[in-house]
Amino acid sequence: RSAAVYRRKGSRVAIHRRRCGLSLPLQREVCLYALSHEGAGYGWWKLLFHGLDHIIGDRYLFRRLARNEDYPICSWLVAWAYKRAVGDTFGAEPNAVSPDDVMDHCMRDGWELVWADSEETVRDIDEVYRRRSEQRAKAR
């Protein structure tokens, strides 16, 4: 479906691309993996495991128990596709990756923002990562 659909749902969406890009064969591999899950149910129940892990200090415990790929959540689908194609893990095992992990990785590694649902989303992303950068500088 078109990414514009998410704007109507009130979701916040940003699409990033690796600065070095992906070769056509690797693009195909990532896309084929994603398409292999087309029509699969969304793993809503897996969000519970993310929440439980967050409660215990973001340890990878409950998410490890939910290794079933049949019902992926968005961040898992991205993490598995990139791990299989290029070995990119977004800083954690694919089952442990959250949307924040994906965004943190994209920002840390200088991925290019290629589309966002709104200017407000772009401003929010800039603000969050500006604040994080300032907090890291103060901690040093």
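Predicted model: local features only at pLDDT ≥ 70, side-chain atom pairs only at ≥ 80, totals over all residues.
I'll start with H5. Helix H5 covers residues 74–86, 13 residues in total. From first C-alpha to last, H5 reaches 18 Å, close to the 18 Å expected at 1.5 Å a residue. After H5 comes Gly87, with a positive phi near 80 degrees.

Which residues of H5 are buried? They are Ser75, Trp76, Ala79, Trp80, Ala81, Tyr82 and Ala85.

Next, the core. The largest nonpolar core contains 17 residues. Those with the most contacts inside this core are Val30, Trp76, Tyr82, Phe90, Val97, Val102 and Trp111. At least two core residues come from each of H2, H5 and H6. H5 gives the largest share, six residues. As general background, nonpolar side chains in soluble globular proteins tend to be buried together.

Take Val102 from that list. Leaving out residues up to four places away in sequence, Val102 touches Ser75, Val78, Phe90 and Val97. Of these, Ser75 is also among the buried residues of H5.

Last, His16. This residue sits in strand S1, residues 14–17. Is His16 buried or exposed? His16 counts as buried, because its relative accessible area is 14% and the cut-off is under 20%. With residues up to four places away again excluded, His16 touches Met103, Cys106, Met107, Trp111, Glu112, Leu113 and Val114. The C-alpha atoms of His16 and Gly110 are 9.3 Å apart, although 94 residues separate the two along the chain.

Technical notes
Residues numbered from 1 in each chain as written. Heavy atoms only, no water. Helix = DSSP H or I, 4+ residues; strand = E, 2+ residues; numbered from the N terminus. Expected span 1.5 Å × (residues − 1). Buried < 20%, exposed > 50% of the residue type's maximum accessible area, 1.4 Å probe, protein only. Contact = heavy atoms within 4.5 Å. Core = buried A, V, L, I, M, F, W, Y, C linked by side-chain atoms within 4.5 Å.
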